[in-house]
Amino acid sequence: MANEVNKIAHPFDKTRLEVLLNRRFFYAPAFEIYGGVAGLYDYGPPGSSLQANVIAEWRKHFIIEDHMLELDTTIMTPASVFETSGHVARFADWMVKDTKTGDVLRADHLVKSVLEARLAGDREVRGLAAQPQKEDEKKKKKKVKSVAVQLADEKVKEYETILAQLDNYSGLELGELCRKYDIRNPDTDNEVGEPQQFNLMFASSIGPTGQHPGYLRPETAQGHFLNFSRLLEFNNGRIPFASAQIGRSFRNEISPRAGLLRVREFTMGEIEHFVDPADKRHERFHEVRHIVLSLLDRHVQVQGSTELTRMTIGEAVDKGLVANETLGYFLARINLFLINIGINPKRLRFRQHMANEMAHYATDCWDAEIENASGWTECVGCADRAAYDLSVHSARTGHPLVVRQALKEPIITEKEVPEFNKKVLGKALGRDAGLVQKIVGEMDEAQLLELKGELVQGSAKLYADGKEIALTSEHLSIERKTFKQSIREFTPNVIEPSFGFGRILYTLLEHSFWCREQDVERGVLSLPPVVAPTKVLIVPLSAKEEFEPLVQEVSTKLRKAGIFSRVDDSNTSIGKRYARNDELGTPFGVTLDFASVQNRTMTLRERDTTNQLIGPIDDVIGVVTALVQGSMNWAEACQRLAVYDGVQAVD
């Protein structure tokens, strides 16, 4: 029985995959019969199930395993929240306009697509690239066409350097690149104007009169920060702890053209791990220290390179490449999650943000990027947000978003403290009394000691608002006092992993897709059982009534075992029924034939190899249940059940 499958016999064909996904209704453009709206998609039955299974695995992997506190906060958000967080001022991308048609393009994407097309044309001339595949006529204009023109070696290096650090360019620098390299709108060949910032949030209003401006949230994070006090209380006042949320977010993308990779409405999962700023160790870091990641740090990118470094996360933290243990812990856990749901580890990397692209709140940030037909795409961001969010919301509202921690050993300190004789001070200085209290109250230890010495000698002078103010010991005294601190108060820092499920879902589909070596028309999605929409296909060989009780029995037993199955009793051949479900990613199939009716046996088929085993119905159900739950692999299943020779054992 052959177990080896050649999944690369045919080169990856994105068009063929897109046709499959559309035909099987994994997802489709929303409002399609009205002409559709760019960047909005509806998920069909298999796409919805696939996303739900990915999210369920995410919940197990993060929320359950790390005892996180789950939230569900509102989508509609008052404008004041995003004014405080900095999103109103800074949550923007750079766009350019076609100088003649007014078409809007995202500046960095334009530079990337044009330079990549020129490099592709250069490789074609040099014989370094295969001939481009034929594209659907309707989709040609969506992609910048490469022209076979050889570039000078220095120009190739220039382009590669620009692309390696593209995310680090400011709007002004993107404009300079467009002028220097004559980058135009590829659809019209017209010049583009200077980059302008475009805020990505959808504006709205709350209430019938519109007096309360609001926004659809571009992320779920602010709901965590505004509820921090309640979360801390729920966690018995202790940190570190993490909160997590899965929900819809909205970003008014400038030119969404890459399917699920760049959309305007999407589902995301965000974790906010609150930690002591003085101690960012993680109690479980030792469990992941050995995990090797592919890292692309900021220093390599600034040098114009995209060379990856393979390194354990323990070594990366020890060397200071990754800022701290907690950030490193989550990078390793993200890596494990993505590989577990089916992402190809050879096409997964962690890229560190460069200075200019760093979010306004972050002190260090790494993106989990997954390679696909469109290039490397950020699917998960993992940032150290420091204390920014809690600090700004606390300052705006006056609500203390802090941790108060009892100290094991009280801290004893001595310091100089001013004592004002307010009655005498007010009578002598009038309106200047308040000014004196403010100035003295803001003095540090050294200034207070100097003032104390002057008062002991008779008088002291302060200068404020262009006037001289004389003070004596009748106005105030400065005494050294002892303080005992039993409570430490601080604003926690936040480590935030943020997942875009639509991007993860699409890259997973790309990584899972291949065509059978013998027939390129037979596409297969090798989705792992843990996320596959349907786990088991039940195929009765005949529509005769005598098969119905067996179909019902098998379906019921699988359902009770928690295994999602479907029955395909259509009139098509068994081969076509299996081929149809290979396209849906169904990992296993069981066939009920005439031998099943007579002998209560059933065959079990594995999707990728198409190999089949046979055994008593209950034994097969036990094996397929173990396969789906991950407690058994196919090799072990072959030890439990006999190989099916294709012949029904009937009298």
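**Exercise 1. Burial of F513 and its aromatic partner**

Determine whether F513 is buried or exposed in this predicted model, and describe how the ring of F513 is placed relative to the ring of F12.

*Solution.* 
Step 1. The relative accessible area of F513 is 8%. Buried means under 20%, so F513 is buried.
Step 2. F12 has a relative accessibility of 32%. This value lies between the limits of 20% and 50%, so F12 counts as partly exposed.
Step 3. By the rule for ring pairs, the count comes to 18 aromatic pairs. In the pair of F12 and F513, the ring centres are 6.3 Å apart and the planes stand at 80°. Planes over 60 degrees apart count as edge-to-face, so this pair is edge-to-face.
Step 4. F12 belongs to the segment before helix 1 (14-23), while F513 belongs to strand 22 (residues 513-516). The pair therefore ties together parts that are 501 residues apart in sequence.

**Exercise 2. The second largest pocket**

State how much space lies in the second largest pocket, and identify which residues of its lining are the closest to its centre.

*Solution.* 
Step 1. The space in the second largest pocket is about 700 Å³.
Step 2. The pocket is lined by 29 residues, of which K7, H511, S512, W514 and S526 are the closest to its centre.
Step 3. Turning to secondary structure, helix 17 (501-512) and strand 22 each supply at least two residues of this lining.

**Exercise 3. An aromatic cluster and charges over rings**

Find which residues are linked into a cluster by ring pairs, and which charged residue lies over the face of F62.

*Solution.* 
Step 1. The cluster linked by ring pairs consists of W58, F62, F337, F499 and F501.
Step 2. Over the face of F62, one of these residues, lies R333, at 5.8 Å from the ring centre.
Step 3. A further case involves F490: the charged end of R488 sits over its ring, 4.0 Å from the centre.

**Exercise 4. Backbone features in loops**

Identify which residues are joined by a cis peptide bond, and locate N236 and R600, two residues other than glycine with a positive phi.

*Solution.* 
Step 1. The cis peptide bond joins I239 and P240, with omega about 5°. P240 is in the loop between helix 9 (228-234) and strand 10 (241-250).
Step 2. N236 is placed in the loop between helix 9 and strand 10. Its phi is positive, about 60°, although N236 is not a glycine. At 62% relative accessibility, N236 counts as exposed.
Step 3. R600 is situated in the loop between helix 20 (594-599) and strand 27 (601-606). The phi of R600 is near 55°. Its relative accessibility is 36%, so R600 counts as partly exposed.
Step 4. A positive phi is also found in a glycine: G585, which follows helix 19, has a phi near 85°. Within helix 19 (residues 574-583), the buried residues include R577, Y578 and N581.

**Exercise 5. The protein as a whole**

State how many helices and strands the protein has, and what percentage of its residues is buried.

*Solution.* 
Step 1. The secondary structure comprises 22 helices and 29 strands.
Step 2. Of the 651 residues, 47% are buried.
Step 3. Among contacts with a separation of 6 or more, 71% are between residues 24 or more positions apart.
Step 4. Along the principal axes, the C-alpha atoms fill a box of roughly 120 × 60 × 55 Å. As an example of a distance within the protein, the C-alpha atoms of E454 and R605 are separated by 94 Å.

Technical notes
Residues are numbered from 1 along each chain as its sequence is written. This is a predicted model: local features need pLDDT of at least 70, side-chain atom pairs count only at pLDDT 80 or more; totals for chains, interfaces and linings use all residues. Side-chain values use heavy atoms; hydrogens and water are left out. Rings of Phe, Tyr and Trp (its six-membered ring) pair if their centres lie within 6.5 Å; planes under 30 degrees apart count as stacked, over 60 as edge-to-face and the rest as tilted. Helices (H or I, at least four residues) and strands (E, at least two) are DSSP runs, numbered from the N terminus. Buried means under 20% relative accessible area, exposed over 50%, partly exposed in between (1.4 Å probe, protein chains only). A charge sits over a ring if NZ of Lys or CZ of Arg is within 6 Å of the ring centre and within 35 degrees of the ring normal. On a 1 Å grid over the protein atoms alone, a cavity is a set of points where a 1.4 Å probe fits but cannot get out, and a pocket is an open set with protein on both sides within 12 Å along at least five of seven lines; lining residues have an atom within 4 Å of a point. Grid points are joined across faces, edges and corners, and a volume is the space filled by probe spheres set on the points. Contact means heavy atoms within 4.5 Å.
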